Amino acid sequence: MLGFLKNPVVITAEINMNLMALIVMGLISRLWGLSYPRAVVFDEVYYGQFVSLYMKRIFFVDDSGPPFGHMLLALGGYLGGFDGNFLWNRIGAEYSMNVPVWSLRLLPALAGALCVPLAYQILVELQFSHCAALGAALLILLENSLITQSRFMLLESILIFFILLAVLSYLKFYNLQRHSSFSGSWWFWLLLTGVACSCAVGVKYMGLFTYMLLLAVAGLHFWHMIGDQNLSNVSLMCHFLARGLALIIIPVAIYLSFFYVHLTLLYRSGPHDQIMTSAFQASLEGGLARITQGQPLEVAYGSQITLRNVLGKPMQCWLHSHKNTYPIRYENGRGSSHQQQVTCYPFKDVNNWWIVKDPGMQQLVVSNPPRPVRHGHIVQLVHGITTRYLNTHDVAAPLSPHSQEVSCYIDYNISMPAQNLWRVEIVNRESDTDVWKTILSEVRFVHVNTSAVLKASGFIGASLPEWGYRQLEVVGEKMSKGYHQSMVWNVEEHRYGKSQEQKEREVELHSPTQMDISKNLSFMAKFTELQWKILTLKNEDTEHKYSSSALDWITMDTNIAYWLHPTSGAQIHLLGNVATWTSANVAALVYMCLSLWYLIRRRRKIYDIPEDAWQLWVSAGGICVGGWAVNYLPFFLMEKTLFLYHYLPALTFQILLVPIVLQHLSDHLCRSLLLKSMFSALIIAWFSSVYLVYCTFSPVTYGEPSLSVTELKDLRWKDSWNILIRKQ
């Protein structure tokens with residue numbers, strides 16, 4: 001029974017010492033002195049604010065991309081016990097003792113360190129030698145810009161890690177395809193490809209470029225499989241479904257899960273939720289939810305309401321009126337109706353309240369039972385405080401003479417009759433009998449007499465002059481001008497009016513609502529709205545001192561000063577290894593020239609290299625040159641402020657190309673032993689220069705030791721570099 005104990009239990013394992021050494025060196029280069037400097041470094045001032053909001057569960061919107069990267073940074077803060085209490089107000093501010101600096105910077109540093117062994121593995125899977133793979137990993141290891149970017153609370157190193165992981169996973173999957181389809185390892189690497197792609201996109205939308213590249217490569221490989229007569233139709237269909245599941249369906253599901261976790265964690269109201277719809281705001285704890293909790297759901301005749309413009313640009317505003325009238329004549333001599341002003345006011349105010357009135361009845365209170373207003377019903381909107389009716393007519397608006405003036409009607413007995421009937425059109429209705437609902441319904445008000453639509457024109461900056469208190473203009477826009485969100489309104493605050501007398505009604509308008517009904521948005525509704533805001537919300541881009549153009553990146557004609565010691569000459573810059581950047585550019589040029597030469601020669605039926613070497617050359621270029629192109633060229637089409645760090649994913653692919661080109665030159669162009677020896681000597685000399693440049697710039701990569709003025713001037717290898725030198 002115990003016979004199995006007679007022989008020892010033996011476990012055999014193969015350990016790649018190259019890989020282990022690269023992991024150790026990567027960790028040392030990225031984790032050494034990680035808490036230094038103990039001060040806010042460059043964009044830490046930006047991402048740190050979001051980490052604090054995560055710690056406090058306060059909702060925010062970042063228009064730069066999805067939330068997964070922010071959540072990873074927040075995870076570092078959570079693991080370090082960060083309570084979120086730090087004012088991220090300026091670069092260089094000293095961190096207080098409650099900020100776990102090492103923990104906050106840990107995950108980006110780990111991601112940056114693991115990029116080193118990933119580079120090694122990618123070249124091995126591309127069927128290049130271990131020597132070439134080791135060279136690629138060492139180039140990544142000694143790249144100053146990648147070190148700098150991975151040692152702080154920034155997202156680029158995490159993005160590059162997931163991009164390289166996706167590429168490696170796909171290559172491993174593809175190599176397994178030849179002899180072990182649908183095995184456990186085959187499924188693992190295929191699924192990991194999809195997971196890594198979704199994580200890359202979830203960190204920054206730049207990850208989408210590599211994701212699309214891998215989809216294109218997978219599509220091309222599957223196209224070749226279709227031509228394989230040894231595969232049955234059933235087998236091809238299984239391959240197709242497996243790729244669709246792993247590379248499309250699962251990544252989409254994971255991407256949605258990032259937002260689900262994000263919205264679950266951030267359930268409290270904060271300053272950012274003002275750009276969201278009223279329905280979204282009401283779903284958050286505090287803020288608008290505190291005001292609107294318990295409101296009646298259905299708008300009825302006699303309802304007292306505030307109307308918020310859905311567009312919310314340039315700021316959120318509510319339909320508003322006050323006792324002041326339009327001037328008889330404007331500054332340009334054009335006349336007005338001299339009626340009571342109607343504006344869009346960006347603050348909550350008692351003059352934002354309106355009463356929904358049935359045109360056929362005089363009462364301004366809700367009947368029992370309430371009579372709900374439905375899509376297509378005709379209503380009058382009575383201003384709560386002044387009791388004047390919302391009106392528009394064929395008089396030019398004050399700032400938009402092509403549109404109609406909107407006013408509250410005053411009877412001057414001058415043959416200008418009231419035109420105060422409005423048709424309620426529910427834009428997001430499910431049927432033509434839908435009831436007008438608080439917060440949830442988005443409505444247009446179409447003027448019965450003129451077919452003009454009530455519109456806030458302030459989205460183009462149309463603020464009224466002093467006589468209008470700089471409030472935003474409201475106009476009647478002809479429907480022929482087309483649909484725009486500025487024509488859509490929703491009820492934000494709502495109560496059932498009970499007081500028929502004006503004095504009592506004014507007191508009622510100042511008091512909070514108390515009825516009990518809850519309104520919850522589904523996750524998909526929240527996701528759709530938040531995703532749309534991320535994609536369309538644009539901060540006003542201002543020229544930044546360290547912004548640059550995409551053309552500046554190739555030759556590294558720009559740098560970014562990340563941090564400056566308050567008293568000494570110690571500083572940190574985003575600067576690349578000049579030897580590596582130059583070599584990467586040369587390698588890309590050599591690759592494209594050689595490829596063109598080979599193609600022309602092959603067209604003439606002249607084959608300079610064996611077919612397997614040609615296939616290897618093409619596949620490696622598809623990944624490396626393709627990765628560089630898709631991560632670089634789109635920036636020429638972007639209208640946004642660009643920085644040098646945007647180039648780092650493209651640079652990583654370009655660096656991988658260097659040892660590929662070198663090995664190809666050695667194997668196929670250096671035909672004699674003498675040439676091979678000379679070429680090897682040149683490679684050793686070149687790599688020594690890479691290491692020398694790394695050492696030269698390491699003081700501004702790690703921020704220490706402090707350099708003298710002379711030493712700092714010596715580092716200014718290009719006139720366009722902005723090395724900070726204190727005035728003596």
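Analyst: For the class counts, Ala, Val, Leu, Ile, Met, Phe, Trp, Tyr, Cys and Pro count as nonpolar, Asp, Glu, Lys and Arg as charged, and the others, Gly among them, as polar. Please keep in mind that this is a predicted model.

User: Okay, how many cavities of 30 Å³ or more does a search of the whole structure find?

Analyst: The search finds six cavities of that size, and the largest cavity holds about 70 Å³ of space.

User: Which residues line the largest cavity?

Analyst: Its lining consists of Arg30, Gly112, Cys115, Ile140, Leu146, Gln149, Ser150, Ser157 and Ile160. Two or more of the lining residues come from each of α4 (101–125), α6 (144–150) and α7 (156–177), and α6 gives the largest share, three residues.

User: Switching to helices: at what angle do α9 and α10 pack?

Analyst: Helix α9 (residues 207–226) packs with α10 at an angle of about 175°, and their axes are 11 Å apart. Angles over 145 degrees count as roughly antiparallel, so α9 is roughly antiparallel to α10.

User: Which residues in α9 and α10 meet there?

Analyst: From α9 the residues are Tyr211, Leu215, Ala218, Phe222, Met225 and Ile226, and they meet Leu236, His239, Phe240, Arg243, Leu247, Ile248 and Pro251 in α10. The residues of this contact comprise 11 nonpolar, one polar and one charged.

User: I also have Phe173 on my list. Buried or exposed?

Analyst: Phe173, which sits in helix α7, is counted as buried because its relative accessibility is 1%, and buried means under 20%.

User: What is Phe173 in contact with, leaving aside its neighbours within four places in sequence?

Analyst: With those neighbours set aside, Phe173 is in contact with Trp186, Trp189, Leu190 and Arg243. Arg243 is also one of the α10 residues in the contact with α9.

User: Why is Arg444 called buried?

Analyst: Arg444 is called buried because its relative accessible area is 16%, and the cut-off is under 20%. Arg444 lies in strand β9 (residues 443–447), and, not counting residues up to four places away in sequence, it touches Arg423, Val424, Glu425, Val427, Val453, Met479, Tyr483, Met487 and Val488.

User: Last one, for the whole protein: how many helices and strands are there?

Analyst: The secondary structure comes to 20 helices and 14 strands, and the C-alpha trace spans about 105 × 75 × 70 Å along its principal axes. Of the 728 residues in the protein, 55% are buried. Among contacts between residues at least 6 apart in sequence, 75% join residues at least 24 apart.

Notes. Residues numbered from 1 in each chain as written. Predicted model: local features only at pLDDT ≥ 70, side-chain atom pairs only at ≥ 80, totals over all residues. Heavy atoms only, no water. 1 Å grid on protein atoms, 1.4 Å probe; cavity = no way out; pocket = protein on both sides within 12 Å on 5 of 7 lines; lining within 4 Å. Points joined across faces, edges and corners; volume = space filled by probe spheres on them. Helix = DSSP H or I, 4+ residues; strand = E, 2+ residues; numbered from the N terminus. Buried < 20%, exposed > 50% of the residue type's maximum accessible area, 1.4 Å probe, protein only. Contact = heavy atoms within 4.5 Å. Axes fitted to C-alpha atoms, helices over the stretch in contact; angles between N-to-C directions. Parallel < 35°, antiparallel > 145°, perpendicular 65-115°, else oblique.
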